[in-house]
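Welcome to this short tour! Open your viewer, get your selection tool ready, and follow along one stop at a time.

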Amino acid sequence: MSQKTDLRIIKTRKNLYNTLETLMKESPFEEIKVNDICNKAMINRSTFYAHYTDKYELLQEYINSLKDNLLTKLDGNNNIKNTKEYYLELIKLLLEHFEEKKETYHYMMINNKNSITMDIIYDVINKGIIKQIEESTDFEGAKVPSSIISLFYLGAVINICIEYLKYNNKYTKKQIIEYINILIPDNLY
């Protein structure tokens with residue numbers, strides 16, 4: 001019986017995630033009401049409140065699911081020791097992740113200006129970059145502190161991804177990777 005309950009909970013939450021995604025494509029998050037979510041998801045308000053205290057908790061959980069997905073993808077980039085290859089692969093993985101949920105990220109980051117989303121993405125990428133810096137021999141004896149190096153690359157990576165999301169067909173993923181390959185020197189120091 002508990003497995004059926006778990007499946008119903010999973011199904012309901014997935015329905016609410018999908019509904020939230022759809023509504024954020026139509027309106028800024030702040031204008032969406034719990035009633036709108038319930039009507040679109042075809043559930044009762046009591047069902048909604050059995051899972052979430054408010055729409056912000058739903059958004060937070062949804063963003064955390066995106067974060068978990070992103071972390072899983074970025075974990076595959078830990079075996080690369082060359083810094084240039086690391087950043088090329090990092091951007092490739094991020095663009096692939098954003099491509100999978102392009103409309104969702106576009107509406108959350110560009111249209112809704114959701115700072116929670118940006119904070120989570122910054123945090124995930126920053127931790128990955130710092131880990132790479134600490135484990136890479138490319139940074140041994142660097143004249144620049146790792147925190148400055150991380151912020152520098154974090155800004156570049158995030159802004160490239162935002163550009164990709166904002167201007168849908170301006171550059172392909174392949175073009176962006178080629179441009180980054182040109183911009184990042186083989187020897188960083």
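Is K170 buried, partly exposed or exposed? Select K170 and look: at 45% relative accessibility, it counts as partly exposed. Keep in mind as you go that this is a predicted model.

**Stop 1: the partner of K170**

E163 and K170 form a salt bridge, with 3.4 Å between the closest N and O atoms. E163 is partly exposed, at a relative accessible area of 27%. Side chains of opposite charge can pair when their charged atoms come close.

**Stop 2**

The structure holds three salt bridges. For another, select E26 and K40, whose side chains meet at 3.5 Å, N to O. E26 lies in helix 1 and K40 in helix 2 (residues 34–41), so this pair ties together parts that are 14 residues apart in sequence. E26 counts as exposed, at 52% relative accessibility, while K40 counts as partly exposed, at 41%.

Next, select E61 and R13. Their salt bridge has its closest N and O atoms 3.4 Å apart. This pair links distant parts of the chain: E61 sits in helix 4 (residues 55–75) and R13 in helix 1 (residues 2–26), 48 residues apart. E61 counts as partly exposed at 23% relative accessibility, and R13 counts as partly exposed at 26%.

**Stop 3**

H51 is buried, because its relative accessible area is 15% and the cut-off for buried is under 20%. Which residues does H51 touch, leaving aside its neighbours within four places in sequence? Its contacts are I9, T12, R13 and E57.

**Stop 2: two helices side by side**

Two packed helices are described by the angle between their axes and the distance between the axes. Select helix 5 (residues 83–100) together with helix 8: they pack at an angle of about 35°, with their axes 10 Å apart. Their crossing is right-handed. To see the contact, show the side chains: helix 5 brings residues including Y87, L90 and F98, and helix 8 brings residues including Y153, V157 and Y164.

**Stop 3**

L151 is exposed, with a relative accessible area of 54%.

Note on methods. Residues numbered from 1 in each chain as written. Predicted model: local features only at pLDDT ≥ 70, side-chain atom pairs only at ≥ 80, totals over all residues. Heavy atoms only, no water. Buried < 20%, exposed > 50% of the residue type's maximum accessible area, 1.4 Å probe, protein only. Axes fitted to C-alpha atoms, helices over the stretch in contact; angles between N-to-C directions. Helix = DSSP H or I, 4+ residues; strand = E, 2+ residues; numbered from the N terminus. Left-handed = near helix turned anticlockwise from the far one by under 90°. Contact = heavy atoms within 4.5 Å. Salt bridge = Lys/Arg side-chain N within 4 Å of Asp/Glu carboxyl O.
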